[in-house]
Amino acid sequence: TKCESGCVCADGLYENLDGRCVPAEECPCEYGGLAYGRGEQIQTECEICTCTKGKWKCVQKTRCSSTCNLYGEGHITTFDGQRFVFDGNCEYILAMDGCSVNRPISSFKIVTENVICGKSGVTCSRSISIYLGNLTIILRDETFAISGENPAVRYKVKKNALHLMFDIIIPGKYNMTLIWNKHMNFFIKISRETQETICGLCGNYNGNMKDDFETRSKYVASNELEFVNSWKENPLCGDVYFVVDPCSKNPYRKAWAEKTCSVINSHVFSACHNKVNRMPYYEACVRDSCGCDVGGDCQCMCDAIAVYAMACLEKGICIDWRTPEFCPVYCEYYN
């Protein structure tokens, strides 16, 4: 309706993020607040996306994987992305197959033993048991033990300063990578070659977050505690009736917890803020730092921050957040 002074690009040219006029082929693409040039790629667990004329063109990977996280004091993120927290003092099935009525034969089962690790009643994982037919792997006390054998399963163990990693292949069915930080954090990454049903606290891995609270009896629970109680390995354990709020039980720790966990909200992780929602990780960090009052206070806090760093890494953002004064890994600095 009226003229405005200023500069515009000539016909056929477009302004890029630097304010230069470029042809359509050179238009950048945006993802998570960052600009990517022509031909650059980003990868998710299921897609490879290439920047073409300012738009992302995505191709499905032939093999798609998904990750379930168990971390800190009873935090779980399922394969389909549902989050919940529980304080159960028992053994629970994290993931297994053979859940359908038609095919009840299981080729793997992963169980966590949760114990009380704070005076307020919060619980965390003490050991992980992986059952692969007659082959059993137990993760406990910062080490692992393997017993039995199963010629139908191939596995490889890798170690680094922070983690134990297990690559497990069940031919024709699953490729699994299990990552354990030797404390409270455990990640199950599964790529499957069949549409075999999976069940347990990690959910049913069907791409739908809304039905993840499917119980052992095959109905969707009305709340997460009913769901958790259905996946007890030992039915004689007591049921969980409520989730502890450790910061209200230990209010004197709350200010310290919020201060130390604030690194997640700081410039240190700024490159990741647009790619991974930081608030659930920050809230989990504060909760765990309040609750972990029976030794190892800083270990709980560092483990919680490490989970956010790992989520960033899965989006291609590597954050160098550890220092000699903050959550150090000594061999990295002094070896």
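Predicted model: local features only at pLDDT ≥ 70, side-chain atom pairs only at ≥ 80, totals over all residues.
In it, local features need pLDDT of at least 70 and side-chain atom pairs count only at pLDDT 80 or more, while totals for chains, interfaces and linings use all residues. Residues are numbered from 1 along each chain as its sequence is written, and side-chain values use heavy atoms, with hydrogens and water left out.

Let's start with the cysteines. A search of the whole structure turns up 10 disulfides (pairs of cysteine sulfur atoms within 2.5 Å). One of them joins Cys-261 and Cys-285, with sulfur atoms 2.0 Å apart. The torsion about that S-S bond is about -80 degrees, so the disulfide is left-handed. The pair links distant parts of the chain, 24 residues apart: Cys-261 sits in helix α3 (residues 254-261) and Cys-285 in helix α5 (residues 279-291). Helices here are DSSP runs of H or I, at least four residues, numbered from the N terminus.

Cys-302 and Cys-327 are joined too, S to S 2.0 Å. Both are buried (under 20% relative accessible area, with a 1.4 Å probe and protein chains only). What about Cys-27? Its sulfur is 8.4 Å from the closest cysteine sulfur, in Cys-29, which is too far for a bond.

Now for the largest pocket, which is lined by 31 residues. A pocket is an open set of points on a 1 Å grid over the protein atoms alone, where a 1.4 Å probe fits, with protein on both sides within 12 Å along at least five of seven lines; lining residues have an atom within 4 Å of a point. Helix α6 gives the most to this lining, with eight residues.

Key: Helix = DSSP H or I, 4+ residues; strand = E, 2+ residues; numbered from the N terminus. Buried < 20%, exposed > 50% of the residue type's maximum accessible area, 1.4 Å probe, protein only.
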